[in-house]
Number of protein chains: 2
Amino acid sequence: MREAMKKLISLDRERGVITHIAALLGWDQETYMPESGIDERAEQLAIVENLAHEKAVNPGIGELLNRLEGEKDLSGQEKAYLRVSRREYDKETKLPAGLVSEMARQTSLSQAAWVQARKNNDFKRFAPHLATMIRLNLEKASALNPGAPPYDVLLDLYEIGSTERSIADVFAVMKRDLVEILGAIRSRPQSDDSFLRRRVSPAAQARMSQYFMGALGFDKHRGRLDTAAHPFTTTLGRDDIRITTRYIEDYFPSSVFSTIHEAGHALYEMGLEVGPDYSGTRLADAASMAVHESQSRMWENIIGRSLPFWGAHYGHIVPMAEGALEGVALEDFYKGVNRVEASLIRTEADEVSYGLHVIARFELESALIKGDLAVEDLPGAWNDTMHQTLGVEVPDDRRGCLQDIHWSMGSFGYFPSYALGNLYAAQFWTAMKAQIPSLERSIAAGDCSPALNWLREKVHREAAALLPSELVLKATGSSLDPSHFTGYLRKKYSAIYGF
Amino acid sequence: MREAMKKLISLDRERGVITHIAALLGWDQETYMPESGIDERAEQLAIVENLAHEKAVNPGIGELLNRLEGEKDLSGQEKAYLRVSRREYDKETKLPAGLVSEMARQTSLSQAAWVQARKNNDFKRFAPHLATMIRLNLEKASALNPGAPPYDVLLDLYEIGSTERSIADVFAVMKRDLVEILGAIRSRPQSDDSFLRRRVSPAAQARMSQYFMGALGFDKHRGRLDTAAHPFTTTLGRDDIRITTRYIEDYFPSSVFSTIHEAGHALYEMGLEVGPDYSGTRLADAASMAVHESQSRMWENIIGRSLPFWGAHYGHIVPMAEGALEGVALEDFYKGVNRVEASLIRTEADEVSYGLHVIARFELESALIKGDLAVEDLPGAWNDTMHQTLGVEVPDDRRGCLQDIHWSMGSFGYFPSYALGNLYAAQFWTAMKAQIPSLERSIAAGDCSPALNWLREKVHREAAALLPSELVLKATGSSLDPSHFTGYLRKKYSAIYGF
């Protein structure tokens, strides 16, 4: 390998190791840190994050990139690595220092205001901060790519290569189909899921979580499960990937499915193997937020809420459930954990209505960024959209436009990733089933390894070497097509609800 | 405050915060890290330790110290802070970089060789590494203080202001008395402690540990308890001090007393309050290793193995012990946890024989450093010493001179701190009892706060502002006198064993 490439990799690896130190500080803060530790922890995080930033904007990286980009005879992997490195280097260096510190300061204020506003159902308290976050995001987009429409620039930060147009096209199809499926479900009798509210102790739920981590192929030498107020996955090292869950005593499916969801993220992180030359570099990062989400949703919903999966595992879970599932037939359990009901809160939404929550946010945030929607008109626009797409009436902003943290953090363009994740997952699933005829029989026999192996080979090992659109094309043979997702939903839910 | 002092404090604080990040990396490695995380964890630790070292040897600190040391009208606290800062700065900067890296490299090899040698009872495998560690320590002593006897320089690193002479003087008295007390105990019938081997589940032991942390006044908002293979205390932040223990199912006193021991260390760390100006600086460090050990031993042995203490708590512990203590009277339990028996292993030794283990190491390591004892003669010398002082026959080097990790890490001069800790603790105890006549009545009523408050005021709050010898004099009114310790032992054990 060229000396310059070796040097670039070495600088990149050191930066990567430092981000993992920051990840440990964050993980500990959410899991075990005693409460009085928070003040100094903020100082510790600031030191490590500044150090990681210094390493990322090292002008030596820019010089190495300039030199290497001019080289001939670069291998495919080298080209991919330079592309990823250039992209991240530009992202980190193009923002003026003044804007970066202003964003950090305003984000902190904005988040604090949002917490208060949500608590007190007081949108006016948050509105000026939201306006500031929009203004700063416009400045950010302009600094990164002055020629492009700002919302496109922001979308590209989360889903590389996407534009408002490309997302609007797939969302239009998805929206039409989701509304139709939701309508069909509403015309049918609702499933009973009252048994899911029976008490199961945290210790028993923890055993279930460990059971499912094992069933999915989670390598416990390279990761672990802990508890946190909000479940998350975090990478503390190339071989140290941790997930968290929480145990709600009168709703055990929460921990079961959040553990499967986070394990899906973790399996992806564990599978980002690009070979020894590039291990620990940005080439070994995830392809995108949406691809990451496709992995968690694949395991949580497509596999983890399927009848074959529960056919294999229900018999093991019933005795672990401390009597809560006694007398509950497999089919009723399956229907219970797949109950669809339009509701107000995105994070509690089922597979069908979830996409509509995301589409609403996509439409609203693009309008905010383009100036087509004024900040003070957001609550009304939100409530109208929820009424039109989900048929629900929003009683207050707390359960309306104040429910999500994202905009308060200045994350515009992030929401679409959640829905794109579902679309990618369903398209991967279609391809996987076509290529492995025995797939569902294996899952029904308790063996998830064919699914994991397919994802390892087709998705995980590509890591960041391909753009998400290239990855989908290569893995499935066709471009992103939302009909895989809506077709999957229609088939599954017509069987459950009988329409 | 002077600008230069503010600047010095600010540099010092940043260094301190970074050492806490390293402490988190270490804590996590010993508690929760999945096993495959170890390789990258070593890289992470190296990065953070290098950064802490860079901050500590910043030439700006040297310039500020030079300037401030010449100032007039320095307050007592300022003088103390400059003394501590100068000492640590010199220690970090006086060692040539070549020696530091050579020591790091050789220590790593030496520790690995020691692990193998101990496992295979093969002293010859370790001997050349021990010779290297001695040579490097001689170079280190010479670099730090070329005019002084090397072993004095090394002792001073752990117990500031101590010399071989000063320690030999107190150890001579202690040795004579310990041998005499041990002989008296041996002439009497042995206590029964077989009930301590009854099974108690880890969960029940964990509840006992939490109970005793509460009883001692451990602030659970500023710290926590976890499990680790080898119990330790570590400071992860000014308000984040963590202890660990381990649960041996057929010997629950191990976790009870190790938790009390580590809680003693943690209470000291939590009490190092030097006011807002110097919080987070080196002035808020412990006075010395031995003073630290005095705090753990005070709580574990002098208070934690006393009859008044168990009079208050035994009734709470019996129902937590899952039947293991049913039918065991308080007095028998008290005698059981204070059983004295000369044995081979220092870390398992009782209060009486422990000091003799330390004295043996002190005599042997000073002879090794002075060249009075050749490395190849260590096993024989060790076995002779153990025979003469403890009356035990060493069957192999694994249970002899290979049992401790310290010399393999190049820590010569460290062992005396353990015994000095016992001496300090007993002298503090004498003073505390004299100043608080109701002390033992409070402890017998379950209230340890008078003891903690005394330690807070007389020991903890002084932090590093006084040398250990100054601290003992100020807190107790007299210089270090080993007769407090041996008097305490004689009184306690003559009552238990009836001599």
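This is a predicted model: local features need pLDDT of at least 70, side-chain atom pairs count only at pLDDT 80 or more; totals for chains, interfaces and linings use all residues.
Me: Which residue in S3(B) does Thr234(B) stand opposite?
Reply: Residues are numbered from 1 along each chain as its sequence is written; chains are lettered from A and ligands numbered from 1 in the order in which they are written. Strand S2 (residues 233-237) of chain B and S3(B) pair in the antiparallel sense over four bridges (strands are DSSP E runs of at least two residues, helices H or I runs of at least four, numbered from the N terminus; pairing needs at least two DSSP bridges). In S3(B), the residue opposite Thr234(B) is Arg242(B).

Me: What is the bridge partner of Leu225(B) in S3(B)?
Reply: Strand S1 (residues 223-227) of chain B pairs with S3(B) in the parallel sense, over five bridges. Within S3(B), the partner of Leu225(B) is Ile243(B).

Me: How many residues of strand S3 of chain B are buried?
Reply: In a regular strand, side chains alternate between the two faces of the sheet. On one side of S3(B), Asp240(B), Arg242(B) and Thr244(B) are buried, and on the other Ile241(B), Ile243(B) and Thr245(B) are too (buried is under 20% relative accessible area, exposed over 50%, partly exposed in between, with a 1.4 Å probe and protein chains only). For S3(B), residues 240-245, the buried count is six of six.

Me: How far apart are the end C-alpha atoms of helix H5 of chain B?
Reply: The expected span is 1.5 Å times one less than the number of residues. H5(B), residues 97-120, has 24 residues and should therefore span 34 Å. In agreement with that, the distance between its end C-alpha atoms is 35 Å.

Me: How many salt bridges are counted between chain B and chain A?
Reply: In the interface, 34 residues of chain B are in contact with 34 of chain A (heavy atoms within 4.5 Å). One salt bridge joins Arg238(B) and Glu40(A) at 3.3 Å, N to O (a side-chain nitrogen of Lys or Arg within 4 Å of a carboxyl oxygen of Asp or Glu). Between the two chains, the salt bridge count is eight.

Terms used. Side-chain values use heavy atoms; hydrogens and water are left out.
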